[in-house]
Amino acid sequence: MKMKKIMSIAALLAVCIGFTGCGQSTSSSATTSAPSSSVSSGTTDKTLDLSDLSNTLVYAGESESTINPILNTHDEITDIIFSGLMKYDGDGTPICDLAESYTYDDPTLTYTFKLRDGVKWHDGTPFTADDVVYTYDVLFKDKTLSASITSNYKDIESVTAPDEKTVVIKLKQYNAAMLGYFTIGILPKHLTEGQDINTMPFNQAPVGTGRYKFVKWDTAGGMIILEANKDYYGKVPNIERIIYKTVAVESTKATMLQSGEADLAWLNAKYADSFRNNDNFKNIDFKTADYRGISMDCSTDFWKQNADSIGVLNYAIDKDSVVKSVLAGRGVAAYSPIQLNAYGGNKDADIYSYDLNKFAEEMDKLGWKKGSDGIYERNGQKFHFTIQVRDYEEERVDIANVCASQLKKAGVDMEVVLVSKFDWDAGYNGFLSGYAAQFDPDMCYSNFVTDASENLMHYSNSKVDELLEKARHTENPDERKELYHQFEKVYAENPGIVLIAFLDGNYVSIKGLSGLDTTRVLGHHARGVMWNIEDWTLNR
Amino acid sequence: MAEINSFKLVGTEYKTYVPCVKKIPFCKKLKGKPIISAIILAVIIFGCVFAEKVGNHNPTEFYLQNLNTAPNSEFYFGTDSLGRDIFSMIWYGGRVSIAIGLMSMVIISVIGITYGCISGVSGEKVDAIMMRTAEIGNSIPSILLVILIMSVMGEENIFKISFVIGISGWFALARIVRSEVRQIRNSDYVLSAKTMGVGFFSIMIFHLIPNFVSSIMFVIVSSISSSIAMESTLSFLGLGLPVDVISWGSMLSLANKALLLNTWWVIIIPGLFLMVTLNCITNIGSFFRKETNRKHSNL
């Protein structure tokens with residue numbers, strides 16, 4: 001009886017092994033036969049053959065809903081599909097891209113761009129100066145446009161095209177950061193004119209002039225397929241195809257890398273650490289200008305009444321231990337939104353240190369008294385506010401939770417609400433934010449100036465407005481630096497964001513991917529890693 | 001000889017005679033009963049009830065100096081990636097998980113028994129409609145139903161989640177109750193109570209329930225464990241309790257992270273507690289089932 005049982009189990013096992021053996025052999029034969037079929041079908045074939053991945057980079061990126069250089073400012077993908085008049089080089093200096101050359105005439109405040117010859121849109125239509133004029137018109141004239149960057153273009157007086165290859169941009173006044181803002185991707189006039197930029201179908205099937213062209217958006221499979229643009233005016237990328245998987249959840253990205261479903265991903269510091277000392281993977285650690293902070297919505301009732309009590313919270317948060325724990329030491333405590341910028345980093349703005357006694361003292365000065373439950377109260381109002389955090393951004397959730405527990409100990413009740421999508425109308429008192437000014441320090445203008453385009457939290461401080469306004473219109477770098485240092489100090493005294501930390505940009509790739517260049521300082525969401533993607537090579 | 005001793009002539013004193021009952025030794029009484037399960041379950045429940053005394057750390061505190069520490073003498077079950085003490089979390093979390101299990105069980109029992117009794121004593125048509133309704137409800141996968149109701153309810157807390165699990169889990173119980181009631185509804189005592197004008201709920205409580213309680217005991221007990229498991233599933237999927245409420249399920253939802261960080265204790269320990277508890281409850285439940293089955297075979 002027993003013998004029979006053992007025999008049957010053995011037989012079962014043998015069958016199983018046999019099946020898996022078959023499975024392996026069939027799959028390997030499929031992969032070997034695939035290249036021949038893809039060669040014969042060529043790239044004209046619309047039904048994509050995804051079985052040959054030998055020169056295809058699978059990138060686990062953020063989740064996407066639109067691909068449009070004007071609307072998306074956080075994403076890698078617009079940078080490689082579209083190109084602008086200028087682009088940033090590795091050091092973050094603007095250099096010519098679609099423009100072949102440019103001149104700037106100081107007395108008339110006029111930029112004159114000579115465009116490249118023979119540039120074609122991905123659909124084959126020639127690229128002309130009209131497209132440039134059209135794009136800039138959208139940016140500074142279209143009133144229905146809900147984009148976060150429009151404040152950067154408000155110094156433009158006019159954009160004209162005297163001939164097909166020339167664009168003349170006239171400014172109202174000198175703007176030190178303008179050349180950098182000319183890096184914005186150009187939209188094709190012939191495909192988007194007359195449509196609502198915010199909702200047009202083009203946003204899901206973009207056509208650009210960049211290094212990669214859009215092929216297909218597989219919404220069911222959660223991936224966007226891009227192909228190298230063979231007609232690109234610069235160096236055509238080595239990697240033939242990019243599959244951009246739209247995953248938002250950090251742990252999913254890490255699992256995908258581990259299981260070989262993705263070749264490159266930006267991971268939070270902890271997950272990135274789990275790939276260190278693993279010969280099959282490479283850790284590529286960029287520096288970023290990306291900070292995390294608790295942004296208070298100054299338009300909500302609570303902060304309208306208690307705006308004086310935002311800065312004091314800095315005393316109650318042990319930022320260094322947040323960096324050490326949540327960020328696994330890969331970051332630095334933050335005191336200024338432009339602290340890592342060449343123009344920022346004024347040590348005099350670092351006016352808060354972690355000190356609970358000092359916190360209690362300052363709260364006392366502001367008139368807060370501790371209630372019976374250990375939470376501060378003033379004018380019959382408890383020091384209780386809510387912040388929203390997207391549940392899939394684990395690092396932000398962790399930062400929020402740790403800060404909430406530290407604040408609670410100090411007597412402040414910060415309620416962390418997890419949402420799957422930011423809801424700006426639900427009345428939350430703030431959110432766990434992240435921004436970056438990786439190039440010109442003026443990139444923070446739209447965040448902090450009253451009613452500027454990215455000032456979501458309605459921060460308003462006349463002194464800050466004045467300094468940032470003046471700094472963008474100042475030519476002398478030393479004077480600018482001085483102004484930004486003043487801004488840092490003024491902001492620190494009356495902040496709208498409790499700044500927590502700057503993070504590193506920890507990318508992890510498979511061993512066979514090379515060419516990533518860490519000289520570039522990355523932006524928010526570690527954006528910009530693909531700045532030299534044409535030089536990358538993939539060797540599986 | 002022994003047999004002779006079991007008989008005794010008592011003569012005229014037969015009315016007052018009390019036969020000496022042979023004392024069954026305590027250990028023999030326990031034979032066949034799920035003692036080990038009961039003891040383990042008692043220990044776990046005791047630990048959860050006295051979580052403040054048992055836990056040696058604050059379960060919501062982040063011990064940022066002790067991240068991802070393996071089990072040691074200070075943190076008995078180790079800490080997770082943000083330095084929370086697993087040992088303390090287990091007891092506080094168990095409190096929530098078990099409370100949800102019990103509350104859901106009560107809801108399931110109340111709805112299931114009432115519905116089953118009404119259906120059982122009703123006429124053919126009403127009975128058919130009621131039972132088909134319950135069967136339709138039963139045929140929908142309960143996880144789907146729970147997620148659906150949860151999304152309508154909005155923000156979750158312990159009571160809401162128990163309520164949702166309860167109202168989506170009573171169908172099976174109602175069917176069993178109804179078939180039991182069908183068998184006894186025409187018994188003389190039920191008829192006589194009815195003719196004397198006793199109300200439905202009194203009949204249900206005094207006549208119906210005592211007669212089928214033993215046969216539904218198993219379902220009721222196992223509904224505790226299925227409710228705990230359901231809560232864990234929901235919290236694991238991120239649909240259950242908010243993050244700041246610790247339960248075994250929400251602890252397990254950290255497992256994905258822990259898997260990547262190679263911190264086995266974050267996954268194994270809550271999982272083990274959950275498994276052991278569920279097993280003990282099921283064991284006790286199946287004891288009740290065996291008991292009722294034996295009674296029937298006695299007939």
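Three strands of chain A form an open sheet in the order 14-15-16, with antiparallel pairing. Strand 14 (369-370) and strand 16 (381-382) of chain A are the edge strands, each with a single partner strand, so one side of each has no neighbour in the sheet. This is a predicted model: local features need pLDDT of at least 70, side-chain atom pairs count only at pLDDT 80 or more, and totals for chains, interfaces and linings use all residues. Residues are numbered from 1 along each chain as its sequence is written, while chains are lettered from A and ligands numbered from 1 in the order in which they are written.

**Strand pairing in chain A**

- Strands (E, at least two residues) and helices (H or I, at least four) are DSSP runs, numbered from the N terminus.
- Two strands pair if DSSP finds at least two bridges between them.
- Strand 15 (residues 376-378) of chain A pairs with strand 16 of chain A in the antiparallel sense, over two bridges.
- A:R378 stands opposite A:Q381 of strand 16.
- Strand 11 (residues 264-267) of chain A pairs in the parallel sense with strand 1 (residues 56-61) of chain A, over two bridges.
- Strand 11 of chain A also pairs in the antiparallel sense with strand 20 (residues 497-510) of chain A, over four bridges.
- A:A265 is the bridge partner of A:A60, and A:V508 in strand 20 is the bridge partner of A:A265.

**Burial and core**

- A residue is buried if 20 or more other C-beta atoms lie within 10 Å of its own, exposed if 12 or fewer, and partly exposed in between, with C-beta atoms placed from the backbone.
- Both faces of strand 11 of chain A are covered: A:L264 and A:W266 are buried on one side, A:A265 and A:L267 on the other.
- A nonpolar core is a set of buried Ala, Val, Leu, Ile, Met, Phe, Trp, Tyr and Cys residues joined through C-beta atoms within 7 Å.
- The largest such core has 210 residues, and those touching the most other members are A:Y59, A:I387, A:A400, A:C403, A:I500 and A:A501.
- Helix 5 (residues 86-121) of chain B gives the largest share of this core, 16 residues.
- Two residues are in contact if their C-beta atoms, placed from the backbone, lie within 7 Å.
- Beyond its neighbours within four places in sequence, A:A400 is in contact with A:I387, A:V389, A:V416 and A:L432.
- Helix 8 (residues 158-167) of chain B has buried residues B:I161, B:S162, B:V164, B:I165 and B:G166.
- Their cover includes helix 5, helix 7 (142-153) and helix 11 (200-237) of chain B.

**Domains and chains**

- The assignment for chain A, automatic or from a database, gives domain 1 (2-82 + 194-285 + 505-538), domain 2 (86-192) and domain 3 (290-503).
- In chain A, 14 residues of domain 1 are in contact with 12 residues of domain 3.
- On the domain 1 side, helix 6 (250-259) and helix 7 (269-273) of chain A each supply at least two residues.
- Helix 7 of chain A gives the largest share of that side, three residues.
- The contact between the chains takes 14 residues from chain A and 15 residues from chain B.
- On the chain A side, helix 6, helix 7, helix 9 (319-325) and helix 11 (394-410) of chain A each supply at least two residues.

**A:T125**

- A:T125 lies in the loop between strand 5 (110-115) and helix 3 (129-141) of chain A.
- A:T125 is partly exposed, with 14 other C-beta atoms within 10 Å.
- Beyond its neighbours within four places in sequence, A:T125 is in contact with A:K120 and A:H190.
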